[in-house]
Amino acid sequence: MASWNSSALISTHLTLDDISLASSSSYFPEFDGQVVTPILKLITEARSKGYDALALPLTTEKWKMRWEDMCLLPPGVDREIEISKEQKAEVWRSRPGFLEGEVTLTRLDEAEGVTVMISDWLELDAIDDWVRHDAEIALQQELSYASYLNVQSAILPAPRNREHVASYARIVNSCLKNTPYIHLSIRLPIYDPSVLHYTSPSSSDPFLSTDAGLSPIKSPPKVVVSGSSEKLSTAPESELNATWEMWDLIRSICEYNTRLTLTLDLSPPLPSTIGVLSKWAAESVRNILLPASTFIANGKGYPVLPKTTQSFIRECMIHYPNVILSGVNAGIHNRGGEAAYKQYTRHLEKTSPAVQAAERAGTVENFAQGYQDYLQAPLQPLMDNLQSVTYQTFEQDPVKYRQYEEAMYRALIEWQGEEPIVFCVAGAGRGPLVARCLTAIERSRRSATIYAVEKNPNAYVTLQDRKTREWGDKVQLVFGDMRFIDVPEPADILVSELLGSFGDNELSPECLDGAMRFLKSTGISIPSSYTAHLAPLSSSKLFNEARASKDAKSLETPYVVMFQAVNILSGNGGGLSGKCGPQVQECWEFEHPRTDPVLDARGLPKTNSHNVRSAKLNFYIPHAGVLHGLAGYFEAVLYRNVGLSIHPHRKEQISKDMLSWFPLFFPFKEALYLPSNSELQVSIWRLTNERQVWYEWHAESFLSSPSIQLDSPVAIPASPAAPTLSPLVDADDPTFLQRARYQAPDVSPIYETVKIGQTSLHNPGGRSSWIGL
């Protein structure tokens, strides 16, 4: 597979001062008959320094002054002045447009590869209706001009007012519809920096203004001091979550538009709470704003980032972001100069676990490049005959076949008796299991015969060729469907590779029901059992992918997906109610051979009802998030302690770097918001009739709150000092733990569970997706 090709972009941020300084030069040479403008000069300089792209403000102070002169009235203004201003404003509202000197870009070649920053003084969520109205007109004007210059991406100012963020979102949604090609990116910090309560910091960072975030803080602290760290660690999640909740509302009102992305502002120090940071991994991060003031000096004086910020940026590299460096030429750090910031950022990319895994041969990440977060329909092995290229892809997995060979070898050496052992490989494909079986026989020095059964007539040609060239009389071929044909003699060991991403989703139980006729009563099945597992998942990308099709069936279809930009919402532990299980929970199990079958005269089950399954799972949600679907995994026991697993917590110990299976994704048609400390109850069914097998799934959300129960019927008046639990408080917050331990004398605390949401039942009756028998 191809290696990682420095997919993250590194851009430099140009300020109006940079542009003004370049414009002050009296010499502007010509190139190919075109004057080299100040912007082109800056672009050339940035490229020579190794930057991939640029970000710069679209408008100048002249535009801001004109807009304020038209649209804002100072207190106590004279009536005639007010009328004059209103007349100017009405003329502008009727035909919005720029005047000379109000924009920084005027030519197509200047705008090529540039990310523009919309005027950050536009208050799209202002309290005043008229200010909001005129800000919307100004935004439409700026985006229209950017679109005129073929600008591909624009960064919008951050929302400031939580109470009017719906208005902000409505305006953004309108802009997405009116400017159909440009990508809009919402600028947001990870959290509202006002939780640090800095009073009057000073900074020379040119990237930030008084309107850069949710609070009027002129700049972030330059280092993560102990005071800020303590405040972040004790800040409840309701405060740390404020900006993510704004983002969730904005993208929801914009209907998860794929042209709406995030620009994460890493100016403030990052919290160490993993749950607060991990939810951003599942979002569509396009840009990362990284001012020089965020860096701290190492022991030699070179700029580096705090450890939490380092880790977060490394994780963000899965999004191939555009990292925008600002203020790096201001001399904040003693050593390294401007180049040190860019070199350090590139170092973070190269040391990102995601990048390293993608570059390392033999890993799933390397094998699956280009398929991350890509929806693939599961195979229909009984209905369809696989192509040779599909077999070839699966045969590239050395781990799976090594595990199979080891399972067969151990079964051979433990087999009692000296008579030749009979193997049956059910579903031989192009023969990889047959070859491994022969190797295991040779290793064990046992005598054995192999029957290879295959129903695909095309693959059967390959098997015949391999028998002639490689295997000879050691292998006997049998053509036909294992559920209906017979083999020459009963088998001691039955081997199959019919497992799917959810274990049973490629009909391994149904296929092996028929193949068990081949097995002696004392025989062994490899695999002997397998289990299906689920976890609640958040991923705006997968949600968008599933919604992209106009066919309603797409949101009721499970998909095979190599997860990347996802966030598992559940935590370990029982939750406040004490009823919740681990982060990833087992749904059901299948065992082979079955010990209680009801069979007909041919040895086949009379119905498929014994393969019906259902599960009801309770998950604890420690941190607020949005449920977009369910992640499905499987784990199989081949023989004894030899197995296969894609379970996220056990795959490294059981079958590290196995390539053959990606997880299964069960999408939800509606995104379901889950507050902190809530609980999610997931119901899933595996159902069948005489022709098909299908899954149905459903989820409900609950919130547990403490209810005071008295030992005696004596009324105790409520005390204003008694703390109550917020549904948004962080479960890891010391304040929360202190409150949770609170109880009045002679009072027994219990928790009441209140239902707060649900999804619809997905795929009832297999109406949208099923696997054919």
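**Exercise 1. At what angle do helix α3 and helix α4 pack, and which residues make the contact?**

Step 1. Helix α3 (residues 61-71) and helix α4 (residues 79-94) pack at an angle of about 120 degrees, and their axes lie 7 Å apart; helices (H or I, at least four residues) and strands (E, at least two) are DSSP runs numbered from the N terminus, while axes are lines fitted to C-alpha atoms, for helices over the stretch in contact, with angles running from 0 to 180 degrees between N-to-C directions.

Step 2. That angle makes α3 oblique to α4, given that angles under 35 degrees count as roughly parallel, over 145 as roughly antiparallel, 65 to 115 as roughly perpendicular and the rest as oblique.

Step 3. On the α3 side the contact (heavy atoms within 4.5 Å) is made by Trp 63, Arg 66, Trp 67, Glu 68, Asp 69, Met 70 and Cys 71, and on the α4 side by Lys 85, Lys 88, Ala 89 and Trp 92.

Step 4. Sorted by class, this contact has six nonpolar, no polar and five charged residues, where Ala, Val, Leu, Ile, Met, Phe, Trp, Tyr, Cys and Pro count as nonpolar, Asp, Glu, Lys and Arg as charged, and the others, Gly among them, as polar.

A note on the source: this is a predicted model, in which local features need pLDDT of at least 70 and side-chain atom pairs count only at pLDDT 80 or more, whereas totals for chains, interfaces and linings use all residues. Residues are numbered from 1 along each chain as its sequence is written, and side-chain values use heavy atoms, with hydrogens and water left out.

**Exercise 2. In what order do the eight strands close into a barrel, and how is β9 placed?**

Step 1. The barrel closes in the order β1-β4-β5-β6-β7-β8-β9-β12 with parallel pairing, two strands being paired if DSSP finds at least two bridges between them. The twist averages 25 degrees from one strand to the next.

Step 2. Strand β9 (residues 285-291) is joined by four bridges to strand β8 (residues 260-265), with Leu 264 having Ile 288 as its bridge partner. Five bridges join β9 to strand β12 (residues 322-326), and here Asn 287 stands opposite Asn 322.

Step 3. Six of the seven residues of β9 are buried, which means under 20% relative accessible area, with exposed over 50% and partly exposed in between (1.4 Å probe, protein chains only).

**Exercise 3. Which strands are the edges of the open sheet, and which helix packs on the sheet?**

Step 1. Five strands form this sheet in the order β15-β14-β13-β16-β17, with parallel pairing. The edge strands are β15 (475-479) and β17 (519-526), each of which pairs on one side only.

Step 2. Helix α17 (residues 398-414) packs on the sheet, touching β13 (421-426), β16 (491-496) and β17, and its direction makes about 150 degrees with that of β17.

Step 3. Strand β14 (residues 448-454) is joined to β15 by five bridges, and Tyr 451 stands opposite Gln 476.

**Exercise 4. Is helix α20 buried or exposed, and what of Ala 339?**

Step 1. Eight of the eight residues of α20 (residues 508-515) are buried, so this helix is largely enclosed by the rest of the structure. Among them are Glu 510 and Asp 513.

Step 2. Ala 339, found in helix α13 (residues 337-350), is partly exposed, with a relative accessible area of 35%.
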